[in-house]
Every structure is written in structure tokens, then in C-alpha cells.
Amino acid sequence: MDPDAVKSTLSNLAFGNVLVAAARDYKKEVLANEKAQASNPANEEVDFDDLMDDPELEKLHADRIAALKREVEKRERFKRQGHGEYREVSEGDFLGEVTRSEKVICHFYHKEFYRCKIMDKHLKTLAPRHVDTKFIKMDAENAPFFVTKLAIKTLPCVILFSKGIAMDRLVGFQDLGAKDDFSTTKLENVLVKKGMLSEKKREEDEEEYEYQESIRRSVRSSENVNSDSD
């Protein structure tokens with residue numbers, strides 16, 4: 001056998017083995033990269049069916065539903081007691097109104113007084129926002145007994161009742177900067193500090209408003225995308 005031919009054959013075999021080894025190493029590297037990408041949390045697909053079967057999420061959902069149900073029942077109970085709106089009551093109904101609810105705000109007014117109309121406007125805005133508290137008003141001219149009994153000298157006069165007892169009052173606009181242009185928020189803050197309105201309730205309402213706004217924004221965004229695709 002020709003020595004040169006044998007040498008050439010051995011050289012070709014060695015080169016072939018190098019190529020096979022290189023190809024094997026390359027395949028291993030590709031498989032390793034694919035595996036690493038598959039295990040990356042950023043590339044994982046979320047299985048919503050698995051999420052829905054998560055017992056912790058189910059408990060959170062059930063708790064949320066129960067809390068909403070309790071809130072609805074409470075609101076219905078308050079509405080049956082006359083909460084959620086700013087109403088006028090007669091002198092004959094006054095005692096029943098202030099004793100049937102834990103917190104009652106009553107505005108003694110005069111129909112011809114400009115400042116009484118300003119107070120009316122703000123209380124009417126607050127009533128549906130704070131269902132836990134009852135908001136009522138009474139014409140001072142038609143309630144001489146309670147005007148005398150409660151020593152009301154200046155109008156508007158807002159009496160704050162807790163469990164049927166007159167605990168505090170707002171006389172004129174003294175607690176509101178003594179100006180006619182005070183904001184509803186200013187009055188709300190004063191009533192919160194006096195314990196007649198719930199700070200927590202106001203924060204919940206604000207959070208609910210922001211939540212509803214985010215839903216509306218998402219819907220509008222979706223509608224815009226769909227209109228563009230058409």
C-alpha cells in the first residue's frame with residue numbers, strides 16, 4: 001500500500017471526525033439555548049385555566065363577592081331608613097328621623113336666605129356619596145318648637161346628631177372660612193373631622209371612581225383599536 005495514500009486517508013478521517021464533533025457541539029448549544037429561553041419567566045405563557053383553579057384566587061374571589069353582597073345589603077338598609085338623598089322633613093317627623101339612624105345631619109334653613117341655598121347645594125351633593133349618614137333639612141319657620149329647643153339663633157344652622165343626640169353644629173359659615181364660595185370638599189372635610197362622615201368611605205369611593213375610570217379608558221382604547229382595524 002502506498003504510504004502517501006494511507007497518510008491521506010487517515011488525514012481525511014481525522015478531518016471528518018472533527019466536523020462531526022463540531023456539528024454535535026453546535027446542536028447541543030442550540031438545544032441548550034432553546035431550553036433556557038423556554039424556562040425564562042418572561043417567555044412563559046400564562047395558563048388562565050390553571051389560575052382559575054387556584055384555591056387562593058378562588059377564596060379571594062369569594063371574599064370579594066361576599067363583601068360586595070354585604071355592602072349592597074347595607075346600602076339597601078340605609079336607603080329604607082331614608083339615607084342616600086337630601087330630604088326635607090316636617091316637625092312631626094323630626095324625632096323619628098334623627099333617632100332611627102346613627103348619624104344624622106339636619107340643616108335648619110329659611111327659604112329666602114341666600115346662604116341657606118348655598119348650604120343646600122353642598123349637602124345635596126354629599127348625601128349620595130355618604131350613604132352611612134342621613135342628610136335632612138327642616139324649614140325653621142315651620143319648626144318653632146325644635147328651633148327653640150335646640151337654641152337655633154342663626155341660619156343656616158346644621159345640627160349634627162349621633163344616636164339621636166345633638167353633638168355639634170355648624171353655625172353660618174364660621175367653620176368654612178366665613179366665605180360664601182367654599183367648596184363641597186371643604187364642607188366634607190369639616191364633617192369628617194367632626195365624625196359625621198367616614199374618611200374610609202370617601203377613600204373607597206375615590207378608589208372605585210378610579211377603577212371605573214380605568215375600565216372606561218380600556219373600553220375606549222379597545223374601541224379605537226377596533227375602529228382602526230376596520
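Predicted model: local features only at pLDDT ≥ 70, side-chain atom pairs only at ≥ 80, totals over all residues.
## A walk through the sheet and its helices

His107 pairs with Val158, its bridge partner in strand E4.

Strand E2 covers residues 103-109, and E4 covers residues 157-162. E2 and E4 run antiparallel and are joined by 6 bridges. In general, the strands of a sheet pair through backbone hydrogen bonds, and they can do so in a parallel or an antiparallel way.

Now step back to the whole sheet. It is open and has 5 strands, in the order E1-E3-E2-E4-E5, with mixed pairing. Strand E1 (86-88) and strand E5 (165-171) lie at the edges. Each has a single partner strand, so one side of each has no neighbour in the sheet. From one strand to the next, the twist averages 25 degrees.

E4 pairs with E5 in the antiparallel sense, over 6 bridges. Within this pair, Ile159 has Arg169 of E5 as its bridge partner.

Helix H4, residues 91-99, touches E1, E2, E3 and E4. The direction of H4 makes about 160 degrees with that of E3.

Return to E2. How many of its 7 residues are buried? The count is 6, so E2 is largely enclosed by the rest of the structure. E2 also pairs with E3, this time in the parallel sense, over 6 bridges. Ile105 has Phe135 of E3 as its bridge partner. Tyr109 stands opposite Asp139, also in E3.

E3 spans residues 134-139. This strand is mostly covered, with 6 of its 6 residues buried. In a regular strand, side chains alternate between the two faces of the sheet. E3 shows two sets of side chains. Lys134, Ile136 and Met138 point one way, while Phe135, Lys137 and Asp139 point the other way. All of these residues are buried.

How does the chain get from E2 to E3? Helix H5, residues 114-126, forms a right-handed β-α-β unit with E2 and E3.

H5 leads on to another helix. H5 packs with helix H7, residues 184-193, at an angle of about 70 degrees. Their axes are 10 Å apart. An angle from 65 to 115 degrees counts as roughly perpendicular, and H5 and H7 are therefore roughly perpendicular to each other. The crossing of H5 past H7 is right-handed.

Which residues of H5 and H7 meet? On the H5 side they are Met119, His122, Leu123, Thr125 and Leu126. On the H7 side they are Thr184, Leu187, Glu188 and Leu191. Those H7 residues, Thr184, Leu187, Glu188 and Leu191, are buried, and so are Val190 and Val192. After H7 comes Gly195, which has a positive phi, near 80 degrees.

How values were computed. Residues numbered from 1 in each chain as written. Heavy atoms only, no water. Pairing = 2+ DSSP bridges. Helix = DSSP H or I, 4+ residues; strand = E, 2+ residues; numbered from the N terminus. Axes fitted to C-alpha atoms, helices over the stretch in contact; angles between N-to-C directions. Contact = heavy atoms within 4.5 Å. Buried < 20%, exposed > 50% of the residue type's maximum accessible area, 1.4 Å probe, protein only. Right-handed = clockwise from strand over helix to strand, strands pointing away. Parallel < 35°, antiparallel > 145°, perpendicular 65-115°, else oblique. Left-handed = near helix turned anticlockwise from the far one by under 90°.
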